[in-house]
Amino acid sequence: MKHILLIEDDPILRENTAELLELSNYKITTAPNGKIGLETALEIQPDIIVCDIMMPELDGYGVLQGLAKTEQTKHIPFIFLSAKTERKDVRKGMDLGADDYITKPFEEDELISAIESRLAKAAILKDNRESATNEVEDEQSIRNLNDLKNFFDDNGKTFSFKQGEIIYKEGQHSNYIYLIEKGLVKCHKLDDQGKDLTTALHKEDDLFGYTSFTENTTYKETAAAIKESVLLGISKNQFIEIISSNHKVTLDLIQLLNDDLVNVKDQLLEMAYSSVKKRTALTILKFADKLGSKPTDFIRISRNDLASVAGVATESLIRTLSRFKDQGIIEIEGRNIKVLDLQQLKNID
């Protein structure tokens, strides 16, 4: 049953109109003047308000203006019921936001029809507002990998690491998932002979540090900053909540994990079947890409890191770099390397 607030200072008209509306199956609350009417509207928040204009203490215009100031009441349909019939009076009421204006004396059907029409319109507008709110909420939700990275930007904890500094070690509990805001990170493991093998290189805008999302496992590798890096981290529990409530993000992460597996397989094939020269050449190109540099620009990288990614002994890598330099393929200045003949480097077997 819809609830109508009737604000009318004439007691006879107020009583008769209330009885008329009750017989039309509406719940009615009445108020004898504008001041009480506004207080009542704020308290009960009716479905619609029918209000006289000329009243003591606060007129109908003041009631309407008071309702417009409050979020809970500003959308309530409002019908003026008045003996003031001049065009300027009607115009003033409509300009203030009234939904309809009925002049006294009025017919029963005229009032009921106006109320039904305004209630229907209010229901449609309410649905539209709720739909718009849902769309805004949906726009703010995390729907894909890019939204997830924006969430890191807005909510992640900032971590700073100097060049060579350890981010986490193999065997430590995996508490955070990281997004690289700036820098370059390598993940690596030591084999049984103590040989360092780089398993992944992560550049700016890359996610890393994820292990099992269903079990409380530890990191399976060590991560370190190759150069000064700034990371954004969110807790593993928070990360799990996000992917649990958004299947599209989960699918994007599955694709990311698949890409990681493909890269690992390619790296294993290179280590198994490529020559030291080929692996060294590919590693130089890989570092240039991860550092966001052109191969023909100087890149600064340690020989140990190059050897670790290439999967060769540091001594073998240094000898290979010397041969490349003698052949005019690269230029070396201290720890800096620049490619002089890119095509020849790519074609090395």
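Two strands are taken to pair where DSSP finds at least two bridges between them. In this predicted model, strand 1 (residues 3–7) and strand 3 (residues 48–51) meet that criterion, pairing in the parallel sense over 4 bridges. Within this pairing, isoleucine 49 of strand 3 is the bridge partner of leucine 5.

Both strands belong to an open sheet of 5 strands, in which the pairing is parallel and the order reads 2-1-3-4-5. The edges are formed by strand 2 (27–31) and strand 5 (100–103); each has a single partner strand, so one side of each is left without a neighbour in the sheet. On average, and with direction ignored, neighbouring strands of this sheet are turned by 20 degrees against each other.

Two helices pack on the sheet, as tabulated below.

| Helix | Strands touched | Angle between directions |
|---|---|---|
| Helix 1 (residues 11–23) | strand 1 and strand 2 | about 165 degrees with strand 2 |
| Helix 2 (residues 34–44) | strand 1, strand 2 and strand 3 | about 165 degrees with strand 1 |

Strand 2, at an edge of the sheet, is thus touched by helix 1 and also by helix 2.

A further element to consider is helix 7, which spans residues 236–244. Lys236, Phe239, Ile242 and Ile243 are buried in this helix. Viewed down the axis of helix 7, the buried residues fall within an arc of 120 degrees, so they line one face of the helix. The face turned away from that buried side carries Asn237, Glu241 and Ser244, which are exposed.

Methods:
Residues numbered from 1 in each chain as written. Predicted model: local features only at pLDDT ≥ 70, side-chain atom pairs only at ≥ 80, totals over all residues. Heavy atoms only, no water. Axes fitted to C-alpha atoms, helices over the stretch in contact; angles between N-to-C directions. Contact = heavy atoms within 4.5 Å. Buried < 20%, exposed > 50% of the residue type's maximum accessible area, 1.4 Å probe, protein only. Arc of directions from axis to C-beta.
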